[in-house]
Amino acid sequence: MRLNLLQRGFSIVSAIFLLVVLSALGAFMLTFSNVQQMTSAQDVQGAKAYQAARTGIEWGAYQIIVANSGCTGFPLNKNLFGFGLTVTCSRSGPYTEGVNTVNLYQITATASTGIVGSSTYIERQLQATLEK
């Protein structure tokens, strides 16, 4: 039996190199997928927080315009579908515009969920100014 001395195992080095590269690529794709899932979930939570804050603004506008209660009943602290909602109101005036006397109301609604400083903390704050 004759030994082939020209074969030195070059293909095993290439195979190990390919395995390392493919493993690194797989790990990168897994990390990329996890980050994408987390940012997508945060985006949905941000949209929900925005809608909760908008609900607070609309409640405050109703209290001022329709219920004619001014800033009484503020601040409002409620839990709305898992979001802590705080609505505050401040009044300035009266101001005279021509023959009309108006008051300005500034409504601030803040909706938040999660623990401050964590990656799951979401907060949205909206402000509206009304004249009545």
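How many helices and strands does the secondary structure of the protein chain come to? I looked this up first. I found 1 helix and 4 strands. I keep in mind that this is a predicted model.

**Order.** I then read along the sequence.

**Overall form.** I checked the radius of gyration. The protein chain has 30 Å, whereas a compact globule of 132 residues would have one near 14 Å. I also took the box along the principal axes. The C-alpha atoms fill roughly 115 × 30 × 20 Å.

**Surface.** I looked up burial next. Buried residues make up 21% of the 132 residues. The chain exposes about 9,800 Å², and carbon and sulfur atoms supply 60% of that area.

**Charges.** I noted 8 positive and 5 negative charges. Their mean positions lie 21 Å apart.

**Core.** Which residues have the most contacts inside the largest nonpolar core? I found Ile64, Val87, Ile107, Ala109 and Leu130, in a core of 18 residues. Helix H1 (10-65), strand E2 (83-97), strand E3 (100-113) and strand E4 (122-131) each give two or more residues to this core. H1 gives the most, with 6 residues.

**Leu130.** Leaving aside neighbours within four places in sequence, Leu130 is in contact with Ala61, Ile64, Ile65, Asn103, Leu104, Tyr105 and Ile107.

**Contact range.** Last, I took the contacts between residues at least 6 apart in sequence. Of these, 48% join residues at least 24 apart.

Conventions. Residues are numbered from 1 along each chain as its sequence is written. This is a predicted model: local features need pLDDT of at least 70, side-chain atom pairs count only at pLDDT 80 or more; totals for chains, interfaces and linings use all residues. Side-chain values use heavy atoms; hydrogens and water are left out. A nonpolar core is a set of buried Ala, Val, Leu, Ile, Met, Phe, Trp, Tyr and Cys residues joined through side-chain atoms within 4.5 Å. Buried means under 20% relative accessible area, exposed over 50%, partly exposed in between (1.4 Å probe, protein chains only). Contact means heavy atoms within 4.5 Å. The radius of gyration is taken over C-alpha atoms; the globule rule is 2.2 Å times the number of residues to the power 0.38. Accessible areas come from the Shrake-Rupley method with a 1.4 Å probe; for residues, only the protein chains shown count as cover. Lys and Arg count as positive and Asp and Glu as negative; His and the chain ends are not counted. The place of a charge is taken as NZ of Lys, CZ of Arg, CG of Asp or CD of Glu.
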